[in-house]
Amino acid sequence: MIKGGFGFTLDIKTGTTRRWVIGKDGIKRWFDNNEPVECPACDYESAKLVSRAKWCCPKCGRDFSVEYLFWAEAAYPEWFDRVKK
């Protein structure tokens, strides 16, 4: 587990950047409000399809559509075999 760090994330909805830090507890948090960047309980396996191409965490409701697609392709490449041909 990473025990420290910092960086920037581009918010594609607003076109701005947000700063984040990883504290001694190993949790990545937003610098401005100290809230976790990701829900510690987020689970891609139980992702909920809310609308067309919008995947959300069933526990916290966070939209992780982009992350889900990267995870799904790595975890289940057979789902994407048909598309790549």
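Two strands are said to pair if DSSP finds at least two bridges between them. Helices (H or I, at least four residues) and strands (E, at least two) are DSSP runs, numbered from the N terminus. The model is predicted: local features need pLDDT of at least 70, side-chain atom pairs count only at pLDDT 80 or more, and totals for chains, interfaces and linings use all residues. Residues are numbered from 1 along each chain as its sequence is written, and side-chain values use heavy atoms, with hydrogens and water left out.

**Overall layout**

The protein contains two helices and five strands, and along the sequence these follow the pattern β-β-β-β-β-α-α. Its accessible surface (Shrake-Rupley method, 1.4 Å probe; for residues, only the protein chains shown count as cover) is about 6700 Å², with 58% belonging to carbon and sulfur atoms. Of the 85 residues, 18% are buried. Here buried means under 20% relative accessible area, exposed over 50%, and partly exposed in between, with a 1.4 Å probe and protein chains only. Contact means heavy atoms within 4.5 Å. Among contacts with a separation of 6 or more, 10% come from residues 24 or more positions apart.

Three strands make an open sheet in the order 1-2-3, with antiparallel pairing. Strand 1 (5-11) and strand 3 (28-30) are the edge strands, each pairing on one side only. From one strand to the next the twist averages 35°; axes are lines fitted to C-alpha atoms, for helices over the stretch in contact, and angles run from 0 to 180 degrees between N-to-C directions. The two pairings are set out below.

| Pair | Sense | Bridges |
|---|---|---|
| Strand 1 and strand 2 (residues 16-22) | antiparallel | seven |
| Strand 2 and strand 3 | antiparallel | three |

On strand 3, R29 stands opposite V21. Strand 2 and strand 3 form a hairpin with five residues between them, and G26 in the turn has a positive phi of about 85°.

A nonpolar core is a set of buried Ala, Val, Leu, Ile, Met, Phe, Trp, Tyr and Cys residues joined through side-chain atoms within 4.5 Å. The largest one has seven residues: C39, A47, W55, C57, F64, Y68 and A72. Leaving out residues up to four places away in sequence, W55 touches A47, K48, L49, R62, D63, F64, S65 and Y68.

Which residues of helix 1 (residues 65-75) are buried? They are S65, Y68 and A72. These cover an arc of only 50° around the axis, so they lie on the same side of helix 1; the arc is that of the directions from the helix axis to the C-beta atoms. Strand 5 (54-56) is included in what covers the buried residues of helix 1. On the other side of helix 1, V66, F70 and A74 are exposed.

**Loops with positive phi**

Most residues other than glycine have a negative phi. N34, which is not a glycine, has a positive phi near 65°, and it sits in the loop between strand 3 and strand 4 (48-51). A53 is not a glycine either and has a positive phi of about 65°. A53 is placed in the loop between strand 4 and strand 5. With 60% relative accessibility, A53 counts as exposed.
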